[in-house]
Amino acid sequence: MPRRAHTLRIPGQTSELERVRRHVEDWAGEAGLSPKETRQLRTAVDEAVANAIEHGLDDQRDHITIRSASDASGLAVTVRHRGDRFDPTLPPVPLAEAREARAVHGYGLHLLKTLVDSLSYRFVRGANEVRLYKRKR
């Protein structure tokens, strides 16, 4: 399968999440992911973009770039934004602790890690890059 790549650039507004989900579904279908794999990746990307909007950006006018790249084995989606440095691969607050404290936040990172096969992070020239990878089964 030839490698395919796409780019989507959105303003940092939650109203854009539906558009992101639709694009991820299209990219996943093109890459040959199953419906279940597509739902898992779509949810993980949604969470990563929502985190960038809610916690990373200083201004809703800032943009988030979402890139996809597929190959014969799966689909990678990278979420890139300038904002506060945040590494989602670091250990999150333990779930039991978040539940006990009835915390509003702290569940998304657990979700991200369970829905994708690989999660990586890097901070490049002032921008956060979260890469999510879903392998075809």
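**From one serine to the whole chain**

Ser68 is buried, with a relative accessible area of 3%; the cut-off for calling a residue buried is under 20%. Please keep in mind that this is a predicted model. Ser68 sits in strand β2. What is Ser68 in contact with, once its neighbours within four places in sequence are left aside? The list is Arg4, Ala5, His6, Trp27, Leu75, Ala76 and Val77.

Now the chain as a whole. How many helices and strands does the chain have? There are 4 helices and 5 strands. Read from the N terminus, the elements come in the order β-α-α-β-β-α-α-β-β. The chain has 137 residues, and buried residues make up 42% of them. If we take contacts between residues at least 6 apart in sequence, 65% of these join residues at least 24 apart.

Next, the sheet. In what order do the strands lie? The order is β1-β2-β3-β5-β4, in an open sheet of 5 strands with antiparallel pairing. At the edges are β1, residues 4-11, and β4, and each of these pairs on one side only. On average, neighbouring strands of this sheet are turned by 15° against each other, with direction ignored.

Strand β3, residues 74-82, runs antiparallel to β5, and 9 bridges join the two. In this part of the sheet, His81 stands opposite Asn128 of β5. On to the next pair: β4 and β5 are also antiparallel, joined by 7 bridges. Ser120 has Arg131 in β5 as its bridge partner.

β4 and β5 form a hairpin, with 2 residues between them. Which residue in the turn has a positive phi? That is Arg125, with a phi of about 45°. Some background here: most residues other than glycine have a negative phi. Arg125 lies in the loop between β4, residues 118-124, and β5, residues 127-135. Is Arg125 buried or exposed? Arg125 is exposed, because its relative accessible area is 72% and the cut-off for exposed is over 50%.

Now the helices. Helix α1, residues 17-31, lies across β1, β2 and β3, and runs at about 175° to β1. Asp26 belongs to helix α1. With a relative accessible area of 53%, Asp26 is exposed. From Asp26 to Thr38 is 12 residues in sequence, and the C-alpha atoms are 9.1 Å apart.

Which residues does Arg42 contact beyond its neighbours within four places in sequence? They are Arg21, Val24 and Glu25. Val20 is 22 residues from Arg42 along the chain, yet their C-alpha atoms are separated by 8.4 Å.

Staying with α2, let us see how this helix meets α4. The axes of α2, residues 35-56, and α4, residues 108-115, come within 9 Å and cross at roughly 145°. The crossing of α2 past α4 is left-handed. On the α2 side, the contact is made by Gln40, Thr43, Ala44, Glu47, Ala48 and Asn51. On the α4 side, Gly108, Leu109, Leu111, Leu112 and Leu115 take part. Sorted by class, this contact of α2 with α4 has 6 nonpolar, 4 polar and 1 charged residues.

Last, the core. How many residues are in the largest nonpolar core? There are 31, and those that touch the most other members are Leu41, Val45, Val49, Ile64, Ile66 and Leu132. The elements giving two or more residues to this core are β1, α1, α2, β2, β3, α4, β4 and β5. Which element gives the most? That is α2, with 8 residues.

Not counting residues up to four places away in sequence, Val45 touches Val20, Val24, Val77, Val79 and Leu132.

To recap: we began at Ser68, a buried residue in strand β2.

Technical notes
Residues numbered from 1 in each chain as written. Predicted model: local features only at pLDDT ≥ 70, side-chain atom pairs only at ≥ 80, totals over all residues. Heavy atoms only, no water. Buried < 20%, exposed > 50% of the residue type's maximum accessible area, 1.4 Å probe, protein only. Pairing = 2+ DSSP bridges. Axes fitted to C-alpha atoms, helices over the stretch in contact; angles between N-to-C directions. Contact = heavy atoms within 4.5 Å. Left-handed = near helix turned anticlockwise from the far one by under 90°. Nonpolar A, V, L, I, M, F, W, Y, C, P; charged D, E, K, R; others polar. Core = buried A, V, L, I, M, F, W, Y, C linked by side-chain atoms within 4.5 Å.
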